[in-house]
Amino acid sequence: MRSRLRTIACSVLAIVVACPSSFSQAAGSSRAKTSHGKTIWNYDGGVYMVTDGGIPSGPCFRINGRVTAPGFFDNLKRFDFTDSDTVFRRGEDVVTEYPDEVLLEFFIHDHPCPDAEVGAARTYLTREQVSKLHLNLFWKHGIDLRPVSTITAKYFNVQRRAPYAPVAATDPDVPEKLEWSYVFAVPSAGIPLTDSLVLIVRTPDDRIAARVAARM
């Protein structure tokens, strides 16, 4: 199944998604300044991203995810020098481009709206609402956005989140709280590591519900 503009609710394929708790990290697993005028980022595990979004006049949500590829990000480091260009290295080797394909893994779940009125009833994402959202992917170079021509759905799953209180497990009036998990294969041959993969979620009327970028 391939598409550039895709409804978020994709078919289920039996590939295991990474544990959601691992997505709480920021892009680049660590950052350390040295005394030699350079900053070092480590990318073991991939490039992480997180953002909040919302449906107009509806519930808000959080997206956690990462961009990864088998073995590619292992021992990969970014060196930002004071008076020189950024360099990516794996050991002594300089790396300039992504592999032929990367995996975009992310999950969506409810999150309180920051501007909710005190005492207002909270709403939660429903299966129908998420099924109507659309995903757009772009490679971003500077201010230029290039649409990703094709993506391949590798995994999709919807599961119930653990209730916040024991009574919620047996109370039929407690709203269903769900989590949507996705994995897409994204072609990336020839893409410079200085480019970012931008994820945009849109509503059926083409409003932006969320936007986030995986930046190296």
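Over the ring of which residue does the charged end of Lys177 sit? In this predicted model, the ring is that of Tyr124, with the charged end of Lys177 placed 4.6 Å from the ring centre. A charge over a ring is also found at Phe72, where the charged end of Arg90 lies 5.1 Å from the centre of the ring.

Pairs between aromatic rings were examined next. A pair of aromatic rings is described by the distance of the centres and the angle of the planes. The structure contains 8 aromatic pairs. In one of them, Phe79 and Phe81, the ring centres are 6.4 Å apart and the planes meet at 15°, so the pair is stacked, given that planes under 30 degrees apart count as stacked. Phe79 is buried, at a relative accessible area of 10%, whereas Phe81 is partly exposed, at 26%.

Tyr182 and Phe184 also form an aromatic pair, with centres separated by 6.3 Å and planes at 5°; this pair is therefore stacked. Both residues, Tyr182 and Phe184, are buried. They belong to a cluster in which ring pairs link Phe106, Phe156, Tyr182 and Phe184.

A further position considered was Gly91, in the loop that runs between β7 (87-90) and β8 (93-94). Gly91 has a relative accessible area of 55% and is exposed, because the cut-off for exposed residues is over 50%. The C-alpha atoms of Gly91 and Leu76 are 7.6 Å apart in space, while the two residues are 15 residues apart in sequence.

Methods:
Residues numbered from 1 in each chain as written. Predicted model: local features only at pLDDT ≥ 70, side-chain atom pairs only at ≥ 80, totals over all residues. Heavy atoms only, no water. Phe/Tyr/Trp six-rings, centres within 6.5 Å; stacked < 30°, edge-to-face > 60°. Buried < 20%, exposed > 50% of the residue type's maximum accessible area, 1.4 Å probe, protein only. Lys NZ or Arg CZ within 6 Å of the ring centre and 35° of its normal. Helix = DSSP H or I, 4+ residues; strand = E, 2+ residues; numbered from the N terminus.
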